[in-house]
Amino acid sequence: MSDGTLTIGTRRYSSWSLRGWLAVRLAALDVDEVVIPLAGGETAAVKAATGGATVPFLDHRGTIVWESLAICEYCAEHLPALWPADRAARTHARVISAEMHAGFRGLRQAMPMSLFRRAEGGGRTPDSLKDVARIEHLWRTTRARFGAGGPYLFGAEFTNADAMFAPVVARFLTYRPDLAVDSWAYCEAVRAHRLMAEWYDAASLEPPDWWIARYEEPLESA
Ligand SMILES: N[C@@H](CCC(=O)N[C@@H](CS)C(=O)NCC(=O)O)C(=O)O
């Protein structure tokens with residue numbers, strides 16, 4: 001018998017679920033996964049399963065955790081290496097993760113996560129491009145200060161900060177905004193992580209009746 005349940009939404013769209021799922025898998029919590037097809041707004045089954053909250057939603061040995069960043073923190077209680085060991089680096093990881101959790105509305109709205117959408121060049125609005133520039137700045141300055149020795153934000157280990165930005169990577173891979181070479185290198189490193197490969201593979205097997213038309217409609221000419 002497992003230690004509980006992680007409830008997530010449709011993998012091809014649920015950016016928040018990806019964050020929580022990565023942290024849970026990195027911490028190797030022994031939980032069953034339940035996937036709820038999202039309705040693209042309020043999803044009655046999500047409300048019912050989470051007592052009115054959102055996914056990702058973790059029930060681990062009776063401890064209930066929602067909000068992706070709180071799930072990342074909970075997982076780091078089990079695997080402290082999910083945050084960098086050095087205090088300055090750890091603080092910075094928490095700061096950029098908090099900024100990710102709280103902001104980037106322009107990007108979220110114009111470039112919703114949709115793993116297999118044909119949308120190269122799409123979603124470029126003044127607000128989304130401002131967010132893209134801010135994210136590139138965060139990645140570049142973080143890697144310059146703390147990223148020596150590996151491809152991730154804090155070097156060789158994939159941390160909670162990388163989990164928090166993983167859905168941004170997925171968006172960039174779909175919408176292909178104009179990024180600098182170092183940003184694409186980071187995106188490729190995240191995409192190549194074994195858990196990202198697993199997520200994309202599972203997403204590709206989701207049934208077409210879970211797809212949401214407005215997140216699938218091609219956007220190449222935008
Ligand atoms: N701030 C929350 C956001 C979670 C969220 O908005 N999740 C979406 C799915 S990606 C959701 O549950 N939507 C409600 C619904 O579909 O009813 C977090 O970090 O976990």
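1. The lining of the largest pocket comprises nine nonpolar, eight polar and five charged residues. Here Ala, Val, Leu, Ile, Met, Phe, Trp, Tyr, Cys and Pro count as nonpolar, Asp, Glu, Lys and Arg as charged, and the others, Gly among them, as polar. A pocket is defined on a 1 Å grid over the protein atoms alone, as an open set of points where a 1.4 Å probe fits, with protein on both sides within 12 Å along at least five of seven lines; lining residues have an atom within 4 Å of a point.

2. The model is predicted: local features need pLDDT of at least 70, side-chain atom pairs count only at pLDDT 80 or more, and totals for chains, interfaces and linings use all residues. Residues are numbered from 1 along each chain as its sequence is written, and side-chain values use heavy atoms, with hydrogens and water left out.

3. The largest pocket holds about 630 Å³ of space, a volume being the space filled by probe spheres set on the grid points, which are joined across faces, edges and corners. Of its 22 lining residues, S14, S15, W16, L38 and G41 lie nearest the centre. Helix 1 (15–26) and helix 2 (44–50) each contribute at least two residues to this lining; helices (H or I, at least four residues) and strands (E, at least two) are DSSP runs, numbered from the N terminus.

4. The ligand takes up the space of the largest pocket, the criterion being that more than half of a molecule's atoms lie within 2 Å of the grid points. Around the ligand are 14 residues, the closest being T43, V55, E67, S68 and H101; a residue is near if one of its heavy atoms lies within 4 Å. By class, this shell has five nonpolar, six polar and three charged residues.

5. A polar side-chain atom of S68 is 2.6 Å from a ligand oxygen atom, and one of E67 is 2.7 Å from a ligand nitrogen atom. At G41, a polar backbone atom lies 2.9 Å from an oxygen atom of the ligand. The protein buries 84% of the 510 Å² that the ligand exposes when taken alone, by the Shrake-Rupley method with a 1.4 Å probe.

6. V55 and P56 are joined by a cis peptide bond, with omega about 10°; P56 lies in the loop between helix 2 and strand 3 (57–60). F104, in the loop between helix 4 (87–102) and helix 5 (105–110), has a positive phi near 60°.

Key. Polar contact = N/O pair within 3.5 Å; in protein donor to acceptor, adjacent residues only side chain to side chain.
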